[in-house]
Amino acid sequence: MALLEVKHLKTYFDTLKGQYKAVDDVNFDLEYGEALGLVGESGCGKTTCALSIARLLPKEGKIYGGKILLEGTDMVQLSDDQIREKRWKDVSIVFQGAMNALNPVMKVGDQIAEAIMLHEKIKKEDALRRTERLFELVEMPADRIRNYPHEFSGGMKQRAMIAMALACNPKIIIGDEPTTALDVMVQAQILNLLEKLRRELNMGLILITHDLSILGETCDKIAVMYAGKIVEIGMVEDIFERTAHPYTKRLISCFPNISKDKVIPAGIEGIPQNMLEPQPGCSFYPRCHLATDLCKTEVPTSIEVGKKHFSACHRASEVLNGR
Amino acid sequence: MGDDIIVEVKDLKVHFETKKSLATDLFHKDKKPLKAVDGVSFQIRKGEILSLVGESGSGKTTTGKAILQLVKPTGGQVFFHGEEIKSRDKYYMKGFRQKAQMIFQDPYQSVNPRNVVLDIVAEPLDVNGLVKTEEERNERVKIALEQAGMIPAEEFYYRYPYELSGGQRQRVVIASSMIMEPDFIIADEPVSMLDASIRTGILRLMMDLRDRKQLAYLFITHDLSLAWLISDRIAIMYLGKIMEIGEADEIIHRGVHPYTKALTEIMPTPGVNNRGKKRNVLPGETPNPTERINGCKFFSRCYRAQEICKNENPDLCEVSPNHFVACHFAREL
């Protein structure tokens, strides 16, 4: 049994202007110790996906369909009280602005201990002792638990947040742009750390980012999202070397690669479609250089183009063969 | 040196006073200046793009602002077209500010949300009183918008910023800086807020303007691969100093300074080449910029560090033509 199976997940936002289909029929699964990269541009629904898994959606957002099976338990069906038990113990999230998520007037160690004590009935001393061990796990000196957040650098705060996320031994850790606001050197440290942790603790890792270039070296699988849908999913090698969706192909070419020629990439013309007024057909159709009349009218279904490699494109096999 | 040097910076320094407690303030005890920029020198030629790369707090934005006199330099000189900037001369500064423009990172914050595009782009003209009639104003705005790739320009005249996408906003910002027909542009992380697919459009636009008008750019970024892609030369900054400066390919592929090497080694590239490879991360953290460092700024994190590095600050020395490195061991590395 897979650690996490997301099946036909549909998360919509009800707004005054209509229904916004932020996540529309998304499928993927995650094994123990596996790292999945969820990549896409702003507004494509990657964060909503993460929030749905942890059931942390704002009140306008609702899961309208699908299943989120965590070790076989459907997270969608659980009541609020039941989900509170699961959160942090089974799934925890590290957010992008984690540096600002710490309480500035409370010692970091106390904040982490508080989280542990809410989930497990243990004494404060024991919780603090566990916090010290967590700090060692994220490669920080244990005595720093008695510091306040302002005494930490940005990278250290993010480490503290990761320590907090690990506090109750979660099975899945979701990193929502965990390194975006950090410098390259600190980013490399945090990515090294996440990689080490998932190997040592056999956790599932979902890494959400807009930066495709960091996924190649960190993840096993990549899912590319566009306008609420996963347009392509496969092993890292499949995505980069046997690309089967025009969007993925164009997106990869948008990132400068120092081992290749120095040409300014073409970019992608146009903007993503307004998801309040979805058009029929493939959502990438207006920006796609391979679009045909079929793409205009019919939504492509996800087809298997290789082993565990899916692409939602009518012309996937042509793209795969180098168009 | 030819006449085509647009901007020359010599030993530029910007130190900020830091406030400690009231007591230390009163008795002037141990005042620690924050040396944001600590002796930076470079030249930018006509039609050249120089990238300033460094982590946050390395002083790259402050350098840019100090060149335009938006923060007051503590020391050093800035030359524009071979003439030293007279920051006290209001009339001179007005002319200088027309010819040297800055583009900021966040297009969501650098335009007035209550103005329409026409007024945003025309504002520099209005401020400087350069146009007399409505027709002339509209005409110049139209040219600027079209140059920035907003075609047809008329369609955008009466739109508010919230009606534009992030990429379009940044184009409006570029149009309003281009309307003065500057010779020199400082672009401070102009694309880091934008999605990858839109980013390249803005970069193309900037390159295109460079080619057509022979603009000189100072491109400030934290993204080394982006700097490599668009610039002629790259300067690597660390704690207010330039560690290495040279041709873009030279820096990326044949960097000499230990800091440059550390940066290029961990630089993420799209693809599977670095799969499973452990990143060689520098030990420790960047020291606090208020700390007094007598020797090399990189000393505390450098694997080559020797006694001399602790006490003596290395000067930039030329290791190959136009490639300068500030390291005591530059020639051995």
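This is a predicted model: local features need pLDDT of at least 70, side-chain atom pairs count only at pLDDT 80 or more; totals for chains, interfaces and linings use all residues.
**Figure 1. The interface of chain A and chain B.** On this interface, 42 residues of chain A are in contact with 40 residues of chain B. The two chains bury about 3,900 Å² between them, and carbon and sulfur atoms account for 58% of that area. On the side of chain A, the residues that lose the most area to chain B are Met185(A), Glu217(A) and Ile258(A), together 21% of what that side buries.

**Figure 2. Polar contacts and the side of chain A that touches chain B.** Helix 6 (184–201) and helix 7 (236–241) of chain A are the elements that give two or more residues to the side of chain A that touches chain B. Helix 6 of chain A supplies the largest share of that side, 8 residues. By residue class, the side of chain A divides into 20 nonpolar, 11 polar and 11 charged residues.

**Figure 3. The salt bridge between the chains.** The count between chain A and chain B is 1 salt bridge. Asp249(B) pairs in a salt bridge with Lys262(A), with 3.7 Å between the closest N and O atoms.

Figure 4. Over all chains, the count comes to 12 aromatic pairs. Tyr226(A) and Tyr247(A) form a tilted pair, because their ring centres are 4.6 Å apart and their planes stand at 55°. Tyr226(A) belongs to strand 9 (residues 221–226) of chain A and Tyr247(A) to helix 8 (residues 246–253) of chain A, so the pair ties together parts that are 21 residues apart in sequence. Both Tyr226(A) and Tyr247(A) are buried. Together with Phe284(A), Tyr226(A) and Tyr247(A) form one aromatic cluster.

**Figure 5. An edge-to-face pair in chain B.** The rings of Phe80(B) and Phe96(B) make an edge-to-face pair, 5.0 Å centre to centre with 80° between the planes. Phe80(B) sits in strand 4 (residues 75–80) of chain B and Phe96(B) in helix 3 (residues 90–99) of chain B, so this pair ties together parts that are 16 residues apart in sequence. Phe80(B) is buried, at a relative accessible area of 6%. Phe96(B) is also buried, at a relative accessible area of 3%.

**Figure 6. A salt-bridge network in chain A.** The count over all chains comes to 35 salt bridges. Glu71(A), Lys86(A), Asp90(A) and Lys171(A) are linked in a network of salt bridges. Within this group, Asp90(A) forms a salt bridge with Lys86(A), and the closest N and O atoms lie 3.2 Å apart. Asp90(A) and Lys86(A) are both buried.

**Figure 7. A salt bridge between a loop and a helix in chain A.** Arg146(A) and Glu132(A) meet through their side chains in a salt bridge of 3.9 Å, N to O. Arg146(A) is in the loop between helix 4 (124–137) and helix 5 (154–165) of chain A, while Glu132(A) is in helix 4 of chain A, so the pair ties together parts that are 14 residues apart in sequence. Arg146(A) is partly exposed, with 49% relative accessible area. Glu132(A) counts as partly exposed too, at 26% relative accessibility.

**Figure 8. A salt bridge within one helix of chain B.** The side chains of Glu134(B) and Arg137(B) form a salt bridge (4.0 Å, N to O). Both residues belong to helix 5 (residues 134–147) of chain B and are 3 residues apart, about one turn of the helix. Glu134(B) counts as partly exposed at 48% relative accessibility, whereas Arg137(B) counts as buried at 12%.

**Figure 9. Backbone features in loops.** Most residues other than glycine have a negative phi, and most peptide bonds are trans. The peptide bond from Ile151(B) to Pro152(B) is cis, with omega near -5°. Pro152(B) is placed in the loop between helix 5 and helix 6 (166–178) of chain B. Ala227(A), although not a glycine, has a positive phi of about 50°. Ala227(A) is in the loop between strand 9 and strand 10 (229–235) of chain A and counts as buried at 12% relative accessibility. His81(B) has a positive phi near 50°. His81(B) is located in the loop between strand 4 and strand 5 (83–84) of chain B and counts as partly exposed at 45% relative accessibility.

Conventions: Residues are numbered from 1 along each chain as its sequence is written. Chains are lettered from A and ligands numbered from 1 in the order in which they are written. Side-chain values use heavy atoms; hydrogens and water are left out. Contact means heavy atoms within 4.5 Å. Buried area is the accessible area (1.4 Å probe) that two parts lose on being put together, summed over both. Helices (H or I, at least four residues) and strands (E, at least two) are DSSP runs, numbered from the N terminus. Ala, Val, Leu, Ile, Met, Phe, Trp, Tyr, Cys and Pro count as nonpolar, Asp, Glu, Lys and Arg as charged, and the others, Gly among them, as polar. Rings of Phe, Tyr and Trp (its six-membered ring) pair if their centres lie within 6.5 Å; planes under 30 degrees apart count as stacked, over 60 as edge-to-face and the rest as tilted. Buried means under 20% relative accessible area, exposed over 50%, partly exposed in between (1.4 Å probe, protein chains only).
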